Amino acid sequence: MLAACHDCDLLFHLGTVAEGATARCGRCNGVLRRRRRNGIERTLALSLAAAVLFAVANAFPFLSFDMKGQKTETTLLTGVFDLFEQGVPEIAALVLVTAVLAPMLQIALLLYVLLPVHAGRVPWQMARAFRLLRRVQPWSMMEVFLVGILVAVTKLMGMAEVVAGLSLWAFALLIVVLAGAMSSLDPHEVWERLEVPR
Amino acid sequence: MSGAPRTALAAGCWLCHDCALLCRVPATTGHGARCPRCGAALHPRKPRSLERTWALVIAASLCYLPANLLPIMTVTSLGKAQSDTIMSGVTYLLHHGMWPLAAIIFIASVFVPVLKLGILVLLLVSVGRGSRWRPVERTRLYRITEAIGRWSMVDIFVVTILVALVRLGSLATIEAQAGAVFFGAVVVLTMLAAESFDPRLIWDRSEETRR
């Protein structure tokens, strides 16, 4: 099969890449293709787990803050809402997109594409859905958000008591699970499965 | 491999940006060609990559100054208000012995954006001048900018969480300020700039000058 490097456009005759192997460009070291064992099924399983964890992470408060008897609890969405009320809607929108909407869309699109593909069918508007998934991915920043939480908590530690909520654990797990889902996904394999029935 | 390496473009093939299918494009069609597999518009290179990237880099640099000079948040505690810029936040953490945090914030908010803008300008200038200088290393620099950009968001998230947690009426409140808006703009603009740059241009120019 003829293929070209995404980063330097060098032309290759790419043979079959073994499961678990990575083919790299000999000129610029860019990844040509990375295949995982049971890539689609593994991604699907992790995406299902991510959907459950996402629901838990957003339904419960992730931190509570106790200062001289006054207690506040926050979920992801209340933080966004507070920013909006304070007159910085730009930041509120940015946080809403990067910490809530993009991950949600990412998980939804993974399931939308992979469930039918796993069953041997082609989902409606699959090309569009899969393209959107790739566009959304860079804006899904939950792992950065988690570092933000750790920094904020350490800053507040001296002032008051900060307690981690249930959803913080779900959140931490979600990051690992979603990263696993994205790294075991081989886009070429999905496109190739789409190609066959047409 | 013998002679000059052959690129897809030289062989009359364009790589689909979306599904990475290599498509043979007849010389007569050119504009308006679509990928037969996924239907995306085909381009030999990202369209107007240099112009777009320059525009976004300049816009990001303009936002970088107010992002660092204006306060990103104000802490009001028992009637006393104190505003913090990114750097004053870093020095505060240093003075209170939280140097790992100071390092995280400094690297994510000050060092990474400057590094990213620096690398992008280096790539734009070198490609613009048709440089053949170290294409492998320059491609690696490009991959670094793509990978690290998102970490600059840390400070924005810290402000969000502080605002959400510390709202205790007269006792203590924290408000986000204009600096945070500019800083958010820097992060978004540099991410878009990295996305619009086409690393294959680095290799194209080094091929052209070789002939």
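I take helices (H or I, at least four residues) and strands (E, at least two) as DSSP runs, numbered from the N terminus. This is a predicted model, and I kept its thresholds: local features need pLDDT of at least 70, side-chain atom pairs count only at pLDDT 80 or more, and totals for chains, interfaces and linings use all residues. Residues are numbered from 1 along each chain as its sequence is written, while chains are lettered from A and ligands numbered from 1 in the order in which they are written.

**Entry 1, chain A.** I started with the elements, and chain A has seven helices and seven strands. Reading from the N terminus, I noted the order β-β-β-β-α-β-β-α-α-α-α-β-α-α. Next I looked up the extent: the C-alpha trace of chain A spans about 70 × 35 × 30 Å along its principal axes.

For burial, I call a residue buried if 20 or more other C-beta atoms lie within 10 Å of its own, exposed if 12 or fewer, and partly exposed in between, with C-beta atoms placed from the backbone. Of the 198 residues in chain A, 35% are buried. I count two residues as in contact if their C-beta atoms, placed from the backbone, lie within 7 Å. Taking the contacts in chain A between residues at least 6 apart in sequence, I find that 59% join residues at least 24 apart.

Leu168(A) sits in helix H6 of chain A, which covers residues 166-184. Is Leu168(A) buried or partly exposed? Leu168(A) is partly exposed, because 19 other C-beta atoms lie within 10 Å. Leaving out residues up to four places away in sequence, Leu168(A) touches Phe62(A) and Leu63(A). I also checked Thr75(A): Leu168(A) is 93 residues from Thr75(A) in sequence, yet their C-alpha atoms are 9.6 Å apart in space.

Chain B comes to seven helices and five strands, in the order β-β-α-β-β-α-α-α-α-β-α-α from the N terminus. The radius of gyration of chain B (taken over C-alpha atoms) is 23 Å, well over the 17 Å that the globule rule (2.2 Å times the number of residues to the power 0.38) gives for 211 residues, so chain B is more spread out than a compact globule. Its C-alpha atoms fill a box of roughly 75 × 35 × 25 Å along the principal axes.

An automatic or database domain assignment divides chain B into domain 1 (1-44) and domain 2 (48-208). I noted 34 Å between the C-alpha centres of these two domains of chain B. Buried residues make up 41% of the 211 residues in chain B.
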